[in-house]
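Welcome, and please open your viewer. We will take a short walk from the inside of this model to its surface.

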Amino acid sequence: MLRSLVGSEMCIRDRIRGDAARAVMYMALRYNGTEPNTVDVRLSSCPCLRAGLFGNLSTLVAWHYKDPPDATEMSRNLRACFWQHNRNPFVDYPDLAGIWSSGSPEAPM
């Protein structure tokens, strides 16, 4: 099971938190609302779906660094590339997460 419930919140298991964070960061990088039928996925330290802000940026970045890409995630990234013809750059180049370390409360999109 990928998640468990604590109170009323969904909690991602520790061993895959970095995987989840990188997937969300990739979505924010890839989906900027410029293509038909897509929305602008933006990360924020103060998420608010009504304002279009998704994910708690500081938590995602912390998860990314605490749980770096492992062989399983790298293999999954390779398989996804075979079918989708694109890769998650945060798996291939973990230091790219530094784009959100500028002190800005929102992702640079």
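A nonpolar core, as used here, is a set of buried Ala, Val, Leu, Ile, Met, Phe, Trp, Tyr and Cys residues joined through side-chain atoms within 4.5 Å. Keep in mind that this is a predicted model.

**Stop 1: the core.** Select Met 25, Ala 28, Leu 43, Leu 57, Leu 60, Phe 90 and Trp 100: these have the most contacts inside the largest nonpolar core, which has 13 residues. Helix 1 and helix 2 (57–66) each supply at least two residues of this core, and the largest share, 5 residues, comes from helix 1.

**Stop 2: helix 2.** Now pick out Leu 57, Leu 60, Val 61 and His 64, the buried residues of helix 2. Look down the helix axis: these residues fall within an arc of 95 degrees, so they line one face of helix 2. An α-helix has 3.6 residues a turn, so residues three or four places apart point the same way. Next, show what covers that buried set, including helix 1, strand 3, strand 4 (53–56) and helix 4 (89–92).

**Stop 3: Arg 22.** Move to helix 1 (residues 17–30) and click on Arg 22. Is Arg 22 buried or exposed? Arg 22 is buried, with a relative accessible area of 0%. Beyond its neighbours within four places in sequence, Arg 22 is in contact with His 64, Asp 67, Pro 68, Pro 69, Glu 73, Asn 88, Phe 90 and Val 91.

**Stop 4: the surface.** Finally, select Tyr 31, in the loop between helix 1 and strand 3 (42–44). Tyr 31 is partly exposed, at 32% relative accessible area.

Notes:
Residues numbered from 1 in each chain as written. Predicted model: local features only at pLDDT ≥ 70, side-chain atom pairs only at ≥ 80, totals over all residues. Heavy atoms only, no water. Helix = DSSP H or I, 4+ residues; strand = E, 2+ residues; numbered from the N terminus. Buried < 20%, exposed > 50% of the residue type's maximum accessible area, 1.4 Å probe, protein only. Contact = heavy atoms within 4.5 Å. Arc of directions from axis to C-beta.
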